[in-house]
Amino acid sequence: MKTTSSKFELKMGAATREAYGQALVELGRANPNVVALDADLAKSTYSAKFGKEFPDRFFTIGIAEANMVGMAGGLALSGKIPFASSFAVFLMDKGYDQLRMSVAYPHVNAKFVGSHGGISIGEDGPSQMAVEDIALACGLAGFVVLIPSDEFCARALVHRMAEWSGPCYMRTGRPKAPILYTAEDKFEIGKAKQHGDGRDVALIACGLEVGYALQAQAQLEDAGISARVLDMHTVKPLDDEAVARAARECGAIVTAEEHLLDGGLGSQVAKSVAASHPAPMEFVGIQNTYAESGTPDQLMEKYGLTAPHIVSAVKRVLKRK
Amino acid sequence: MSTLVEPITDLKQIANRIRIAIVKMIGAAGSGHPGGSLSAVELLVALYFRVLRHDPKRADWSERDRFVLSKGHGVPVLYATLAEAGYLDPALLSTLRKLGSPLQGHPDKRMLPALEASTGSLGQGISIGIGMALAARMDQRDWHTFVMVGDGEIQEGQIWEAAMYAGFHRLSNLTVIVDYNKQQLDGFLVDILDPAPVAEKFRSFNWNVIEIDGHDLEQCINALQQARAGTSRPTAVIANTIKGKGVSFMENNPEWHGVAPKKEQVEAALKELEANAR
């Protein structure tokens, strides 16, 4: 991510996938029932860190996501707390029927973490990019769906996931993420983190888009527009209260996500806004297409996901206010 | 804790009562899967009355053996067996598939906690069973996990992902029973996608394989007891069965995969089955 804009600088930290690996080790030390599974991507998802410290509680499944998800269901039915990880696109897309039948429907206490979410994975290209995982996860009744924005948010939410009774999905990212929080910040499932209390427009974002939204917030301030940013790290259950307050107090909303515009954060927020306090909305996200190979920065720019694109969306939505 | 032990002649009567219950409950429901329920009767009788370590008074006993019915559409045979074994009030059987009944059309653990897993989307039970077997191994417990799959079901790719995993990791506390009745919804396996040779496939995935006549109670009991005592590999019990077994007009007729008998067909079936009763 380009980390500077006018009056605004972000320091880069660890990738959220790396924070996941660290938090998983912490969980392993605290609770002997925590087990981890991975489908031959443990070095990339960082679950390998857990495997190194707890080899007896780490199951490397091979390239067989469907079997892995089913196994996680069986482990959960036997009192374990399984964390199963792979690339988000393979975990969700190849494991979907199993997530539905063996996890969501019986509502077992199993956790799933998909790394390499979105197009910011860069050069590997679209076959490895999850741009539909949030929509799929939201389509599983009873699932919690999380997209942490930085390493501290990710680490805290991994712990919240372990405390939560029921199935959860978390998307993590490949590239380093800008630091937005500290180790002292508290995170709760279903409670957005608000940055600023601007009243002209609300920017509701998740994952890497929170950093871009904060950049956009600074740029808008230069132009005399006061924006608030909501870090919506929990897409389901959505913080309807924060969304309604934003709609009521700002009267205009822009959502930003590294995901197809069909069925992701924007869709969830729109549903909430329509039901509480209807307000004009604009949506920043991937427009009905698959991306390509390139550097993360190039792709985020080309596919319309950077701060200037959020600023443009704000200008459009303000005209409709 | 106990395995319910009955003489073989009594087990045959239990099997016959279970067949009667299957026909009645599917007839009353007006929908369901009689063929693949009737083919698995002796296997379930062997499990619940001779092989499983279980206690019908404590369905959640942590040391119980687990049984996962991966071929979830065959659940009437499981409900009827659970009723015979004392897990269920037999009066509940007539509520099969009715709104609010714990006896859902496919196994639903939310509604009936005595079930080990919810199933119905084919191909998933062995993976669930592996998770259970690994949990037992990690905790150094000696309970055993049994999973029943259909022979059509093993056309699903996930079955072979799971078979590869369990064989490679020598999960000797896992047994898969293949209800090999040679038919699936659309017809005979040989006309659709024949999984034969099934025994050789499991052997090549490093499983111990036992082939039996799945309607011979002594063979079922011996094979499942042998599988439960397995020490170095998972076991696949390939049970040769007859779809619709026990009801002459249903036997070996794929039309009875997923169709409920009408009133007069229920009566004809019950007449045949009741003639076998003492």
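A residue is buried if 20 or more other C-beta atoms lie within 10 Å of its own, exposed if 12 or fewer, and partly exposed in between, with C-beta atoms placed from the backbone. The structure is a predicted model, in which local features need pLDDT of at least 70, side-chain atom pairs count only at pLDDT 80 or more, and totals for chains, interfaces and linings use all residues. Residues are numbered from 1 along each chain as its sequence is written, while chains are lettered from A and ligands numbered from 1 in the order in which they are written.

**Exercise 1.** Describe chain A as a whole and check its radius of gyration against that of a compact globule.

Solution. Step one: chain A has 13 helices and 14 strands. Step two: its C-alpha trace spans about 60 × 40 × 40 Å along the principal axes. Step three: a compact globule with 321 residues would have a radius of gyration near 20 Å, and the 19 Å of chain A agrees. The radius is taken over C-alpha atoms, and the globule rule is 2.2 Å times the number of residues to the power 0.38. Step four: 62% of the 321 residues of chain A count as buried.

**Exercise 2.** Find the domains of chain A and describe their contact.

Solution. Step one: chain A is divided into domain 1 (16–171) and domain 2 (190–319), with bounds from an automatic or database domain assignment. Step two: the domain centres, taken over C-alpha atoms, are 26 Å apart. Step three: 24 residues from domain 1 of chain A and 29 residues from domain 2 of chain A make the contact. Step four: on the domain 1 side, helix H7 (133–138), strand E7 (144–146) and helix H8 (151–163) of chain A each supply at least two residues.

**Exercise 3.** Which angle do helices H5 and H6 of chain B make, and which residues join them?

Solution. Step one: H5 (residues 125–138) and H6 (residues 157–168) of chain B pack at about 30°, with axes 8 Å apart. Axes are lines fitted to C-alpha atoms, for helices over the stretch in contact, and angles run from 0 to 180 degrees between N-to-C directions. Step two: H5(B) and H6(B) are therefore roughly parallel, a class for angles under 35 degrees. Step three: H5(B) contributes Ile126(B), Ser127(B) and Ile130(B), and the residues from H6(B) include Gln158(B), Ile159(B) and Tyr165(B).

**Exercise 4.** How many residues of each chain take part in the contact between chains A and B?

Solution. Step one: 24 residues of chain A are in contact with 21 residues of chain B. Step two: helix H4 (65–77) and helix H6 (96–104) of chain A each supply at least two residues of the chain A side. Step three: H4(A) gives the largest share of that side, 9 residues.

Definitions and conventions. Helices (H or I, at least four residues) and strands (E, at least two) are DSSP runs, numbered from the N terminus. Angles under 35 degrees count as roughly parallel, over 145 as roughly antiparallel, 65 to 115 as roughly perpendicular and the rest as oblique. Two residues are in contact if their C-beta atoms, placed from the backbone, lie within 7 Å.
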